[in-house]
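The points below are grouped by topic.

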Amino acid sequence: MSQLPTDSRALVRGINRFDFVALIINITIGAGILGLPARLYTLVGTWSLLAYGVSAAVVTLIILCFAEVSSRFNGTGGPYLYTRVAFGPLVGFEVGWLFWLSRVAAFASICNLFVSYAAVFRPQLAEGWERAGVITVLVVGLASLNYIGVQRSARINTVFTLSKLLAIGAFAGVGLFFVDKAAFTFPTFPNYAPFSQAVLLLIFTFSGFDVAAIPSGEVQQPQRTVPLALLVAIGTVAVLFLAVQVVCIGTLPDLAHSERPLADAAGQFMGGGGALFITVVALVTALGTLHALMLTGPRLLFAMAEQQQLPDWLARTHPRFRTPYVAILLTAGLQLILAVTGTFLYALTLSTLIRLAYFALTCAALPIFRQRTQAPPAQFRVMGGWFISGLAVALCLWLLSNGSAREARDVAIAAAVGLLIYWRMRK
């Protein structure tokens, strides 16, 4: 069996159970929810409500597997840690490497989304030195918050999460009173291709639990906190997302052609201030997600260095703040370059297949750990774990079959680069 991870004693366990639930919710409620209702309605119409149910069921199966597997560990790394112990150092390294790349690209993408919404108030922010200045302030500010202590960073994350929940919850709660029941008609069931695309889109909208599991080495009682937090967070997000879809279908007649569905729907029942309100919500949502990504991403480099799969200087922790400051600075630097140059767009196509791959590997790890007598004991066990694991892996493979050849090529290129780094480190 591969070397077991350490418990990251150099770090401080400053994330409590409530803050960890907030971290998962914050990452999951990304800026994508602002445009998601229109994209789903274009694909499958009112059947998008069923797509929510199917995707929530698939994600729940995956989360149950994550919950049991994560309950065996108290170290930093999340899926990198689980796959390394279950399948060996090479598979673990590739998961960690590709996972980190996709998170850096996602951060750069959301930075630019934040600037595009901020330009509503000042158009000059959309280009030139003002755009670069806003992005620089974002990256430096968020990196500094994470540099000076995980406990303070976790509290700020919770503030962002509560702000998101209150704002989007207000939209959904008020909008439900204006829903037109006549808008909910169910024509012929959509074809396989658009419905599977809708489910695939929602699977990754619900994602975030995988990223939140990375800093488990700084979570209090992670073997008990992580499984419970995963289940509570996904239930909260699923209800909120479904309510938003219902409001958009029931209040916006031309939903399929809306570029800003939440803003347009809010304008229908909140008047002229609705669009402004949603713009502020978009800024808060994007900023909260950026903060969560800055908190979690560098911990992957720390975990890989801790396992001697990357240079050991990446595992250094600050003597005062007890944070992986070198990994934070390196990650933030690359995020800044990608966000300012815009080259993140190509790298962002990797995200879909990368996530499905390590979802499947983590689910497959469940029966492997159950068979190993030397595996860390599970603090949370899933009833029918073998069946749920097999079903979750099969569903991940089904979703992978809907990926494009271009995405597969991109992942292969990135994986090949990772392989070169892996062998270089072994030598």
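**Backbone, helix packing and cysteines**

Arginine 322 counts as partly exposed, because its relative accessibility is 32%. The model is predicted, and the values below are computed from it.

Positive phi angles
- Most residues other than glycine have a negative phi.
- Arginine 322, which is not a glycine, has a positive phi near 60 degrees.
- The loop between helix H12 (273-306) and helix H13 (325-341) contains arginine 322.
- Glutamine 221 is likewise not a glycine, and its phi is positive at about 45 degrees.
- Glutamine 221 is located in the loop between helix H9 (209-212) and H10, and it is exposed, with a relative accessible area of 55%.

Packing of H2 and H10
- Helix H2 (residues 36-44) and helix H10 (residues 222-251) have axes that come within 10 Å and cross at roughly 70 degrees, so H2 is roughly perpendicular to H10.
- The crossing of H2 past H10 is right-handed.
- H2 contributes Pro37, Leu40 and Tyr41 to the contact, and H10 contributes Val244, Gln245, Cys248 and Ile249.
- Cysteine 248 is buried, because its relative accessibility is 0%.

Cysteines
- The count of disulfides, taken as pairs of cysteine sulfur atoms within 2.5 Å, is zero.
- Cysteine 65 is in no disulfide, and the nearest cysteine sulfur, that of cysteine 363, is 3.8 Å away.
- Cysteine 65 is buried, with a relative accessible area of 0%.

Conventions
Residues numbered from 1 in each chain as written. Predicted model: local features only at pLDDT ≥ 70, side-chain atom pairs only at ≥ 80, totals over all residues. Heavy atoms only, no water. Axes fitted to C-alpha atoms, helices over the stretch in contact; angles between N-to-C directions. Helix = DSSP H or I, 4+ residues; strand = E, 2+ residues; numbered from the N terminus. Parallel < 35°, antiparallel > 145°, perpendicular 65-115°, else oblique. Left-handed = near helix turned anticlockwise from the far one by under 90°. Contact = heavy atoms within 4.5 Å. Buried < 20%, exposed > 50% of the residue type's maximum accessible area, 1.4 Å probe, protein only.
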